[in-house]
Amino acid sequence: MCPRLAEYRGELRAREPGWHNAPVPSFGDADARLLIVGLAPGVQGANRTGRPFTGDYAGDLLYATLIEYGFATGQFQARPDDGLRLVGCRISNAVRCVPPQNKPLPVEINTCRRFLATTIETMTKLRAIVLLGRIAHDSTLKALGLRASQAPFGHGAVHEAGALRLYDSYHCSRYNTNTRVLTPKMFHDVFARVRADLDA
């Protein structure tokens, strides 16, 4: 239990009782070969809608990219009943509850890691993990029992982890795209590589 996150969810529930305001489960099939790990639910995004990357800008870029590279089908309309389906892909977060200012504390990341580890362990056909940002990268390495020195974070970096291949990307947040830290092309290039590797 993370008291700070629980308190924040309670405040949001009182203010917006119609929102999800609870831990956000993974989206997609457990038999997928690709897992995407984000940071945490956004206040207006997954915390509101109950589906990862749904309802905020990050989802616009992510789901458009997934559709383009065949990892999703349908039309993304930023709501959980839009009919969009993932294809051979699953999406989860390093932290499952919305943190204040979108900044989880280290103890919260550590506490939530067991859910990430279980997600990875139960995906028996998993071959590739896309890590969106440093927190997702670092927490996933720890969940896999890897040291940071074995797989340093860098956009576009690819790391081997036993039967898994890890792909780093800057997070597809509005801040990163507005400041051009991450361009759509840079993001697409990561998923083009994943697609090519899985199809090889």
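## Nonpolar cores

Ile36, Leu66, Ile91 and Phe191 touch the most other members among the 28 residues of the largest nonpolar core. A nonpolar core is here a set of buried Ala, Val, Leu, Ile, Met, Phe, Trp, Tyr and Cys residues joined through side-chain atoms within 4.5 Å; buried denotes under 20% relative accessible area, exposed over 50%, and partly exposed the range in between, with a 1.4 Å probe and protein chains only. At least two residues of this core come from each of strand 2 (34-38), helix 3 (57-68), strand 5 (89-93), strand 6 (128-132) and helix 7 (184-199). Helices (H or I, at least four residues) and strands (E, at least two) are DSSP runs, numbered from the N terminus. In soluble globular proteins, nonpolar side chains tend to be buried together.

The model is predicted, so local features need pLDDT of at least 70 and side-chain atom pairs count only at pLDDT 80 or more, whereas totals for chains, interfaces and linings use all residues. Residues are numbered from 1 along each chain as its sequence is written, and side-chain values use heavy atoms, with hydrogens and water left out.

Ile91 is in contact (heavy atoms within 4.5 Å) with Ser26, Phe27, Leu35, Ile36, Pro52, Phe53, Leu62, Tyr63, Leu66 and Leu86, leaving aside its neighbours within four places in sequence. There is also a second, separate core of 16 residues, and its members include Ala32, Ile120, Leu126 and Leu166.

## Helix 3 against helix 7

The axes of helix 3 and helix 7 cross at roughly 45 degrees and come within 10 Å. Axes are lines fitted to C-alpha atoms, for helices over the stretch in contact, and angles run from 0 to 180 degrees between N-to-C directions. Helix 3 is therefore oblique to helix 7; angles under 35 degrees count as roughly parallel, over 145 as roughly antiparallel, 65 to 115 as roughly perpendicular and the rest as oblique. The crossing of these two helices is right-handed, a label given when the near helix is turned clockwise from the far one by less than a right angle, left-handed being the anticlockwise case.

On the helix 3 side the contact is made by Leu61, Leu62, Thr65, Leu66 and Glu68, which meet Pro184, Phe187, His188 and Phe191 of helix 7. By class, this contact comprises 6 nonpolar, 2 polar and 1 charged residues, where Ala, Val, Leu, Ile, Met, Phe, Trp, Tyr, Cys and Pro count as nonpolar, Asp, Glu, Lys and Arg as charged, and the others, Gly among them, as polar.

## Helix 4 against helix 5

Helix 4 (residues 106-122) and helix 5 (residues 134-143) have axes that come within 9 Å and cross at roughly 65 degrees. The two helices are therefore roughly perpendicular to each other, and their crossing is right-handed. Ile109, Arg113, Leu116, Ala117 and Ile120 in helix 4 face a set in helix 5 that they meet: Ile135, Ser139, Thr140, Lys142 and Ala143. The contact has 6 nonpolar, 2 polar and 2 charged residues.

Thr140, a residue of helix 5, counts as buried at 0% relative accessibility. Beyond its neighbours within four places in sequence, Thr140 is in contact with Val37, Leu116, Ile120, Ile129 and Leu131.

Ser169 belongs to strand 8 (residues 164-169) and is buried, its relative accessible area being 0%. Not counting residues up to four places away in sequence, Ser169 touches Leu131, Leu132, Gly133, Phe153, His155, Leu182, Phe187 and Val190. Ser169 and Val190 are 21 residues apart in sequence, and their C-alpha atoms are 7.0 Å apart in space.

Arg51 is placed in the loop between helix 2 (46-49) and helix 3 and is buried, with a relative accessible area of 5%. Its contacts, leaving aside neighbours within four places in sequence, are with Val24, Phe27, Ala46, Tyr63, Phe76, Arg79, Pro80, Asp82 and Leu84.

## Loop residues with positive phi

Gln101 is not a glycine, yet its phi is positive at about 55 degrees. Gln101 is located in the loop between strand 5 and helix 4 and counts as exposed at 65% relative accessibility. Arg180, likewise a residue other than glycine, has a positive phi near 65 degrees. Arg180 lies in the loop between helix 6 (174-178) and helix 7, and at 57% relative accessibility Arg180 counts as exposed.
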